[in-house]
Amino acid sequence: IVLLVLIIAGLLFLSRRERIVQPFVPTPTPTPGAFVYAQQALAAYQDGNLQSAIDFYRQAILMEPEDPAYRIPLSRLLILTRDPESALEQAEKAAELSPSSARALAALCQAQDWNGQVDEAIEVFKFNVEQFPESFNVYDSLGEAFMKNGDKDLAVQNYKKSLELNPKNKNAVEMLKKLEE
């Protein structure tokens, strides 16, 4: 009986105590990942807002500095905004991080070209052709570099090879017309 009285008293005591209400704890907002920033960069680029696109790619790089995938488009955007030195820096880092990537090497060549380093660009384009001999794009790019350097015969040769690999390459057709005028 004493035990029963103690249990009932304990239950009454617990039921009359004020309940402690946990304060509202909001769910933390997740920080966007590098991929999200890259998607925002692409959307900003498509909207014509190059500076925002550049800023978003820089955010992606801050989150994943060892991933060259964000440095390549950033390099190309920097070329478009007339910042070839920064473009070269990003392209060099992308090529360093991924030396067997055709895209990284192409970005490096373009940045070198825009920095007036046409001879260096041609050498990297040649390496790119050796690495990816079945890619029409590498021959097209090498043809463009030779054309800029005044090497008409080598430009024609590379544009023809590009066209052989991809008969739908409109750029090669247009450049061959220009070169054969």
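Contact here means heavy atoms within 4.5 Å. The model shown in these close-ups is predicted.

**View 1. Helix 9 packs against helix 10.** Helix 9 spans residues 152–165, and helix 10 spans residues 170–179. Their axes come within 9 Å and cross at roughly 150 degrees. Angles over 145 degrees count as roughly antiparallel, so helix 9 is roughly antiparallel to helix 10. The crossing of the two helices is left-handed.

**View 2. Residues in the contact of helix 9 with helix 10.** Helix 9 contributes Lys152, Ala155, Val156, Tyr159, Lys160, Ser162 and Leu163. They meet Asn171, Ala172, Val173, Met175, Leu176 and Leu179 of helix 10. By class, nine of the contact residues are nonpolar, two are polar and two are charged.

**View 3. Helix 3 packs against helix 4.** Helix 3 covers residues 50–63; helix 4 covers residues 71–80. The packing angle is about 150 degrees, and the axes lie 10 Å apart. That angle makes helix 3 roughly antiparallel to helix 4. Helix 3 passes helix 4 in a left-handed crossing.

**View 4. Residues in the contact of helix 3 with helix 4.** From helix 3 come Leu50, Ala53, Ile54, Tyr57, Arg58 and Ile61. Helix 4 supplies Arg71, Pro73, Leu74, Leu77, Leu78 and Leu80. Ten residues of this contact are nonpolar and two are charged. No polar residues take part in the contact of helix 3 with helix 4.

Technical notes
Residues numbered from 1 in each chain as written. Predicted model: local features only at pLDDT ≥ 70, side-chain atom pairs only at ≥ 80, totals over all residues. Heavy atoms only, no water. Axes fitted to C-alpha atoms, helices over the stretch in contact; angles between N-to-C directions. Helix = DSSP H or I, 4+ residues; strand = E, 2+ residues; numbered from the N terminus. Parallel < 35°, antiparallel > 145°, perpendicular 65-115°, else oblique. Left-handed = near helix turned anticlockwise from the far one by under 90°. Nonpolar A, V, L, I, M, F, W, Y, C, P; charged D, E, K, R; others polar.
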